[in-house]
Amino acid sequence: MLVRPLVDQERIQREIETLAAFSETPKPAITRVVYTKPDLEARAYLKQLFLEAGLQVREDALGNLFARWEGSAPDLPVVATGSHIDAIPYAGMYDGVVGVLGGLEAIRALQRTGFKPFRSIELLVFAAEEPTRFGIGCLGSRALAGVLTPESLRLLRDAEGRSLEEVRWEAGYMGSLEEVLLPSGYYAAFVELHIEQGPVLEQEGIPLGVVTAIAAPASLQVSLEGAGGHAGGVLMPERRDALCAAAEIILGVEAFAKNSGSINTVATTGFCQVYPNAVNSIPSQVKLEIDVRDVEQSRRDQVIRQIIQGVEQVCTRRDIRYSVEIINMDPPAKSGSEVLKALVAACGDAGVRFKLMVSRAYHDALFMARIAPTAMLFIPCRGGVSHRPDEYAAPEDIARGVHVLALALARLSLAQERESPKDEPTPLED
Ligand SMILES: [Zn+2]
């Protein structure tokens, strides 16, 4: 490939630093929740950068942001890259941001070489990748791909009981949710650049990961209701302690994942809310949230069945009322072979060593894979740390990832044929 993109490493760093200032918590702790003031200010900053790069900017009714570099074949399916900028409370500066500002710099680097896209190239900033506000991750990309329908979006509420409709209108996104779904075949390819959020690349001293599959995530909410009472007054045989039931369930979650037969099964009870949560009061109500993932969907589903059976057994024995709600159960995604080939070729063009790997965390790419041939590029992050203020990716690693991304986008933009998505999308609604 003749293109030799020149990546401006210092500029990406400056822009990452600037974006980090739009946060509810002071740097380096980043808190940027969808539709809050820092989120809207960060978007305004990005839109200005996109316009300065000569891109056409559009936002949909959910706040998914698109910046388009028009190609000479504007009617052909588009090549896309991008990620998210929302951040869970006290997170770091790089998660998602590297794929957004890195995607922008990849486009600018191609522009500097005089490259002319054949297929248009679009940069996406997905709304609400993190589940912080509405309890479900990847809102924007799920909606684009039709995995979440407008009806189910309208039912969503945040912890304060405010509906998604209310808060998006307040943020200025007044359009119709019916228009968020992208027409089929809109994208020819999607590549997401992201920090690894795991330690493998750093440990093995490899500068880049090419992601071949994304593990299938699922999450459940378990509500338990026993009987409360005075911690001194109610004798042990009379008790129906919801937290003791929860404790058994949590250990079950761990055991089922450990005994699945594969190291790729992981299960976590990451949320536990106790009512009334007082030292001298028997817990009467407990809410648990459980996350289960595997690269093999059938094995993950087996663990989910075991967890649900376990809840039933524990609660029957302890006389606890319960309900289990499946929040999401998404299939895994396999990367598109043509996109993978473009990424591998781009690594060759750039002379960058890479490792083929699986993503255990999920990303907007999981849902983009339903509507477009998709793959991801991972760069190392220090200690594998993410979702923490000390999250860090080295400027050289970011620049290297951006360089390979630019080369891959150029290849994909020039490709005549669109690869057809291998697996038909199978939306799994709750
Ligand atoms: Zn992310």
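**Domains, metal site and salt bridges**

Tutor: The C-alpha centres of domain 1 and domain 2 lie 34 Å apart. The chain is divided into domain 1 (9-214 + 332-414) and domain 2 (216-329), with bounds that come from an automatic or database domain assignment. This is a predicted model, in which local features need pLDDT of at least 70 and side-chain atom pairs count only at pLDDT 80 or more, while totals for chains, interfaces and linings use all residues. Residues are numbered from 1 along each chain as its sequence is written, and side-chain values use heavy atoms, with hydrogens and water left out.

Student: How many residues does each domain bring to the contact?

Tutor: Domain 1 brings 10 residues and domain 2 brings eight residues, where contact means heavy atoms within 4.5 Å.

Student: What area is buried there?

Tutor: About 750 Å² is buried between domain 1 and domain 2, and carbon and sulfur atoms give 59% of it. Buried area is the accessible area (1.4 Å probe) that two parts lose on being put together, summed over both. On the domain 1 side, P332, R360 and Y362 supply 59% of the area buried against domain 2, more than any other three residues.

Student: Let us change topic. Which residues hold the zinc ion?

Tutor: Its protein donors are H84 (NE2), D95 (OD) and H194 (NE2), lying 2.0 to 2.2 Å from the zinc ion. Donors are N, O and S atoms within 2.8 Å of the metal (3.2 Å for Na, K and Ca); water is not among the atoms, so sites may look incomplete. Along the chain, the donors follow the spacing H-x10-D-x98-H. D95 lies in the loop between β5 (87-91) and α3 (97-113), and H194 in strand β7 (residues 187-195), so the pair ties together parts that are 99 residues apart in sequence. Helices (H or I, at least four residues) and strands (E, at least two) are DSSP runs, numbered from the N terminus.

Student: Are D95 and H194 buried or exposed?

Tutor: Both D95 and H194 are buried. Buried means under 20% relative accessible area, exposed over 50%, and partly exposed in between (1.4 Å probe, protein chains only).

Student: How many residues of α3 are buried?

Tutor: In α3, 14 of the 17 residues are buried, so the helix is largely enclosed by the rest of the structure. Just after α3, G114 takes a positive phi of about 85°.

Student: Which residue forms a salt bridge with R108?

Tutor: E15 does, with the closest N and O atoms 2.9 Å apart. R108 lies in helix α3 and E15 in helix α1 (residues 9-20), so the pair ties together parts that are 93 residues apart in sequence. R108 counts as buried at 5% relative accessibility, and E15 is buried with a relative accessible area of 4%.

Student: What about R112?

Tutor: R112 forms a salt bridge with E105, the closest N and O atoms being 3.0 Å apart. R112 counts as partly exposed at 42% relative accessibility, whereas E105 is buried with a relative accessible area of 0%. Salt bridges that share partners join R11, E15, E105, R108 and R112 into one network.

Notes:
A salt bridge is a side-chain nitrogen of Lys or Arg within 4 Å of a carboxyl oxygen of Asp or Glu.
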